[in-house]
Amino acid sequence: MEGQHLNPHFTSGGDRVELPPIPRTGYARMDDLEVSRSGLTARISFDMVDADWVDKHLRRDSSMFGADTPPVLDFENMPLFHLEIVVRLYRDRVSKRYPWWGAQYAPTDIHRLLSPDLWRDHYFDGRFDPPYDPSAWFFIERMSKRSSHRANIYRSMSGEFESINVEIHERFTSKQLDRVFTLPGTSASTLEPQALALLSGVACDRVVVFDVGQGNANGMVKDGCNGPELFYDVGAGVYGNHHTRPHGGPNLPVGNAKAVILSHWDSDHWAGANIPSNNELLSKTWIAPKQTVGPRQVAFAHRISACKGKLLLLEGMAPRVQAIPLQGGKVLQLTQGAGRDRNDSGLVAAVETTTPAALCRSIILTGDCDYCHFSHLATAPVKGLVVPHHGASLKSDHSDVPSSRGEPSTLAYSFGPNNAHGKSRVRHPTIDGVALHSAWNHGSWLPSRPGVGNPGPQVLATSDHTHKAPRGDVYLDW
């Protein structure tokens, strides 16, 4: 929106803005955890705000309005940061402290920090699959000693970072921080009549999967119109994957859009709305899950409100499915994943044809939600399917993947060229992620090199890791 102030953190490289200095201390919530293929290391991301700045403003509000008045901070000028740390999850040899562990690996103290009550009970391929509590707060302090953790800190969503040493102190709870960093908006377990009326005007003759780099943005398009009438995610590559964005973009055609369905609150699913050419999206109606998030997501949600947009938050929707009639005899089925984390409690959408009955087909948009967490969504045979989480390794097995029931169908991957997730050396799509979708012929993609080359007529991809195959938007048709 022209003239609308933008928090400097939401800008990208090349923007002429003054970024905040790296703070002395920060309050942070875990934003993501990516375990390496070996299971021995992990990249942990934190969504952090300058602790001194928050404390100063909380003290000011308390003295001016009283301790019982909920504080309202200046989200447009709040110093926000993204922090990434790579940690070892295991010692190479079992110590005397863990005689029960057996074999060759022993957990490090990072497990107690992430999830002190659950860490003994969660394993992955014989090792620990670290759960974490998204509501927990961490106090992070910048250090000079080398014995502390080495971290990359981002002051904006561009790929520019600085390396610093930090100490992650014990996790803590804070009702005051929880009150400040809670998503604004109207909460419900089902869509209200006004939102239903808005969506009922949407036509969907095909679905576009936009090339946004390492992110996700899908749209429901009416033939003959320029751009979607309904978006499902409006993401883009961010931070270490900012380089995966298409040159000068992504530029999303927003002129016909009535609303945005946000699958979940990971930045690579909404960051495209911060690009100046796409800012009109911020004035739309947003339908999103009510999730526990960090300072960055809350600041973005407040930006939607500042741009006169409307935010509807759905919670506790699973295992119910809401069917919304669309134009042209199609139906939008909307539900929520039944998982516990941000990915697997996201919104999942399916667009279905209804006539003739014998030819009913569905196109399913998954966000980052694993199949096993939306098994309650019963759909017509799959005509098109957007692979969850950019082709990441999932916990589902083949029986969980929605089926085309023998009919021709198309699989779509949305990922950025040569994407990476820190020193964990994870790249999407993964070998396991592609193997899970072996029912579709992946063309020239070798099992050991997914994402390289042309995947063939049954599989479409927005990108290629070699830059030799074409990249760009792909379409799922009826």
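**How many salt bridges does the count come to?**

The count comes to 17 salt bridges, where a salt bridge is a side-chain nitrogen of Lys or Arg within 4 Å of a carboxyl oxygen of Asp or Glu. Keep in mind that this is a predicted model, in which local features need pLDDT of at least 70, side-chain atom pairs count only at pLDDT 80 or more, and totals for chains, interfaces and linings use all residues. Residues are numbered from 1 along each chain as its sequence is written, and side-chain values use heavy atoms, with hydrogens and water left out.

**The open sheet**

Let's look at the strands (DSSP runs of E, at least two residues, numbered from the N terminus). Eight of them, or 8 strands, form an open sheet in the order 9-15-14-13-12-11-10-23, with mixed pairing; two strands pair if DSSP finds at least two bridges between them. Strand 9 (186-188) and strand 23 (474-477) each have a single partner strand, so one side of each lacks a neighbour in the sheet.

Val209 has Val474 in strand 23 as its bridge partner.

**Salt bridges to find**

Glu192 and Lys310 meet through their side chains in a salt bridge (2.9 Å, N to O). Glu192 lies in the loop between strand 9 and helix 4 (193-199), while Lys310 is in strand 15 (residues 310-314), so the pair ties together parts 118 residues apart in sequence. A helix here is a DSSP run of H or I, at least four residues.

Another salt bridge joins Arg43 to Asp32, with the closest N and O atoms 2.9 Å apart. There is also a network of salt bridges linking Asp31, Asp47, Asp266, Arg296 and Arg342.
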